[in-house]
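Trainee: I would like to go through the terms used for this model and see what each one rests on. Where do we start?

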Amino acid sequence: MNILITGNMGYVGSVVARRLREKLGAATLVGADSGFFAHCLAGDGEVLPERVVDTQHFVDVRRMEPRHLDGIDAVVHLAGISNDPIGNAYESVTDEINHRVSVRLARMAREAGVRRFVFASSCSVYGCAEGAARSEEAELNPLTAYARSKIDAEIGLAPLADERLLVTCLRFPTACGMSPRLRLDLVLNDFVASAVATGVVRVISDGTPWRP
């Protein structure tokens, strides 16, 4: 199996690539990433996480071409604008990359004969939700440019799913934990970093909000 991972040099992508290598040792893993965070290494900076991929494309996802999908069986699409502050500051770019480019990539994948397309969506599409945990049938309430771009991508991907291409949209909860390319702007990671660095966990709210 040949698997293309977009955003493989990011916080989540570097862990996903390693996990796929562990589970699918014989698979050919191909990375596609702009390399913006290539220098942001945690732990042993001499060991690059990209050592687990067989081929690395340094490419902006907006510039990807059909040739990047030659021989690919499955796409794990993680690349995108990944937080609310940047999304709100650059709404049009966020929509372009997270929504329109994701649909374009899936369309190219379908035409190239790719069989599976996994899209990294977000639980933020539910917004501020009262009551019990959300399900796939729950009402959507995207409150930010980032959230809107994710649900718009899901909507755009739906017509491309058929017997030729299996599309899976994963509405990830809040990411947390260690990664070769660590992010400390995520809520739980921020709490841990604050505790380690200062001995104090600072909660910038009244403490009542819940995060999945």
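Mentor: With the polar contact, a pair of N or O atoms within 3.5 Å, where one must be able to donate a hydrogen and the other to accept it. The model is predicted.

Trainee: What makes the side chains of Ser122 and Ser124 a polar contact?

Mentor: Their side chains come to 2.9 Å, and the cut-off is within 3.5 Å, so the pair counts as a polar contact.

Trainee: Why is Ser122 called buried?

Mentor: Buried means under 20% relative accessible area. Ser122 has 7%, so the term applies. Ser122 is placed in strand β5, and residues it touches include Tyr146, Lys150 and Leu170.

Trainee: How do you know that β2 and β3 pair?

Mentor: Pairing needs at least two bridges. Strand β2, residues 28-33, has four bridges to β3, in the parallel sense, so the two count as paired. In one of them, Gly31 has Gln56 of β3 as its partner.

Trainee: What is the strand order of the open sheet?

Mentor: The six strands run β3-β2-β1-β4-β5-β6, with parallel pairing.

Trainee: Why are β3 and β6 said to stand at the edges?

Mentor: β3 (55-58) and β6 (166-172) each have a single partner strand, so one side of each lacks a neighbour in the sheet. On average, neighbouring strands are turned by 15 degrees against each other, direction ignored.

Trainee: Which strands does helix α3 touch?

Mentor: Helix α3, residues 91-111, packs on the sheet and touches β1, β4 and β5. Its direction makes about 170 degrees with that of β5. Helix α4, residues 145-157, lies across β5 and β6, at about 155 degrees to β5.

Terms used:
Residues numbered from 1 in each chain as written. Predicted model: local features only at pLDDT ≥ 70, side-chain atom pairs only at ≥ 80, totals over all residues. Heavy atoms only, no water. Axes fitted to C-alpha atoms, helices over the stretch in contact; angles between N-to-C directions. Contact = heavy atoms within 4.5 Å. Buried < 20%, exposed > 50% of the residue type's maximum accessible area, 1.4 Å probe, protein only. Lists of a residue's contacts leave out its neighbours within four places in sequence.
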